[in-house]
Amino acid sequence: MSKELIRLSNCTMAFDSDVVLDNINLYINDQEFLTLLGPSGCGKTTTLRIIGGFQTPTQGDVFFDGVRINDVPPHKRAINTVFQRYALFPHLNVFENIAFGLRIPKVDPETKRKVKLPEQEIHDRVMEMLHVVNLNGFEKRSVSSLSGGQQQRVAIARALVNRPKVLLLDEPLGALDLRLRKDMQNELKRIQQAMGITFIYVTHDQEEALSMSDTVVVMDAGKIQQIGTPEDIYNEPKNAFVADFIGESNIIDGIMRADGVVEIFNRRFQCLDKGFEKDEPVDVVIRPEDVDIVDEAAGQLKGTVTNVTFKGMHYDIIVDFYGFKWLIQTTDFCPEGSHIGIKIDPDGFHVMKKSHYSGMFGDYSSYSEEYDEIGDATYDPEQEEDPREEADEEE
Ligand SMILES: Nc1ncnc2c1ncn2[C@@H]1O[C@H](COP(=O)(O)OP(=O)(O)OP(=O)(O)O)[C@@H](O)[C@H]1O
């Protein structure tokens, strides 16, 4: 069974009257790779800074291994941080950059005297770290002669060399080009597994979060919107915000007519969702890859292709249905102006409580304005369970 290492309990962070983290509840297991994902300003870095001890929450508690650590300063927590700007010392070579923290004398808890690590141990630990980050043979190199990816590896080695239990990584790959970023994503995952320590990673890049993490925490406006495995977050988004932020989505106003029957564009479709009120207004999320293009006559819905973009493996096409523009991904070429039909299997519909979320890039829900007047079933993420709790209970 996975063991809880860090817990944020009802944590709020306010700067004057500005609440930037609103009653966050989150736990992180030992050896977990957990990613905080969300748009700029949603509170990811603030959450990380609270865990690292650089900020104290205005309300709430932080626990490490069951012990409250609100008042424990950063250097006394078994937690290190890697920042986007590597902050390496330009006048020191690779070896000395990594060895830097090990050369600082530490207070022996028994004798209360400051002691230095023996030179041989410093050497062995730095060489071990160089091996872990795949920089064997680089020890004498000046850090300014290294590529961005190599410098980031040195920063990671430096943060790991004093064997923290947790590494906090704040957009550590943000300064790297796309190719290097991908390589480093694989490297980070490998290093995390090799070292067997907890990584708490901050990014606004959903692809990065999905490809690296055991658990993804999606945040928006100082609140946690969903916690889950990458597969859960992608396949079962809890609300329109998560669906829109993770991958690409068509978000449509709908009405749940009965268990397994949802209505969009005044037509009823079979879906797998249940547990809604009869005639409840809902957000219906349909992923672009879940739509099949068929002859116009055979389609459940009929529309006109207004834009086609070649994407290598597939085409992105924009289809106009009754004034509502859908993104569809298909390997079939459909020329602009062609009239097509579409089919969606029941598992292609993701029905969720209405959140009145209007999309990151515009208003997705313009079709049926009258639905907004029926009730106000605003999604409340705090009522959601953390799915890892249920998994732990089952074990
Ligand atoms: N010291 C501070 N004083 C006042 N406001 C702050 C302070 N630190 C952060 N904030 C505000 O808190 C909010 C959350 O900031 P935070 O850095 O946590 O967001 P983020 O999700 O990490 O964003 P980004 O991806 O852009 O780094 C922002 O609106 C920010 O302006």
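**View 1. Helix H2 against helix H3.** Phe95, Ile98, Ala99, Leu102 and Arg103 of H2 meet Ile122, Arg125, Val126 and Met129 of H3. Contact here means that C-beta atoms, placed from the backbone, lie within 7 Å. This H2–H3 contact has 7 nonpolar, no polar and 2 charged residues. Ala, Val, Leu, Ile, Met, Phe, Trp, Tyr, Cys and Pro count as nonpolar, Asp, Glu, Lys and Arg as charged, and the others, Gly among them, as polar. H2 spans residues 94-103 and H3 residues 119-132. Their axes lie 10 Å apart, at an angle of about 130 degrees. Axes are lines fitted to C-alpha atoms, for helices over the stretch in contact, and angles run from 0 to 180 degrees between N-to-C directions. H2 and H3 are therefore oblique to each other. Angles under 35 degrees count as roughly parallel, over 145 as roughly antiparallel, 65 to 115 as roughly perpendicular and the rest as oblique.

The model is predicted: local features need pLDDT of at least 70, side-chain atom pairs count only at pLDDT 80 or more, and totals for chains, interfaces and linings use all residues. Residue numbers start from 1 along each chain as its sequence is written. Helices (H or I, at least four residues) and strands (E, at least two) are DSSP runs, numbered from the N terminus.

**View 2. Helix H4 beside helix H5.** The axes of H4 (residues 148-160) and H5 (residues 178-195) come within 11 Å and cross at roughly 20 degrees. That makes H4 roughly parallel to H5. H4 contributes Gly148, Gly149, Gln152, Ile156 and Leu160 to the contact; H5 contributes Leu180, Asp183, Met184, Ile191 and Met195. By class, the H4–H5 contact has 6 nonpolar, 3 polar and 1 charged residues.

View 3. Strands pair if DSSP finds at least two bridges between them. S4 (residues 59-64) joins S5 over 2 bridges. Phe64 has Val67 in S5 as its bridge partner.

**View 4. The shell around the ligand.** Phe15, Val20, Gly38, Ser40, Gly41, Cys42, Gly43, Lys44, Thr45, Thr46 and His204 are the residues around the ligand. Each has its C-beta atom, placed from the backbone, within 6 Å of the ligand. H1 (residues 44-52) gives the most to this shell, with 3 residues. The shell divides into 3 nonpolar, 7 polar and 1 charged.

Methods
Contact = placed C-beta atoms within 7 Å.
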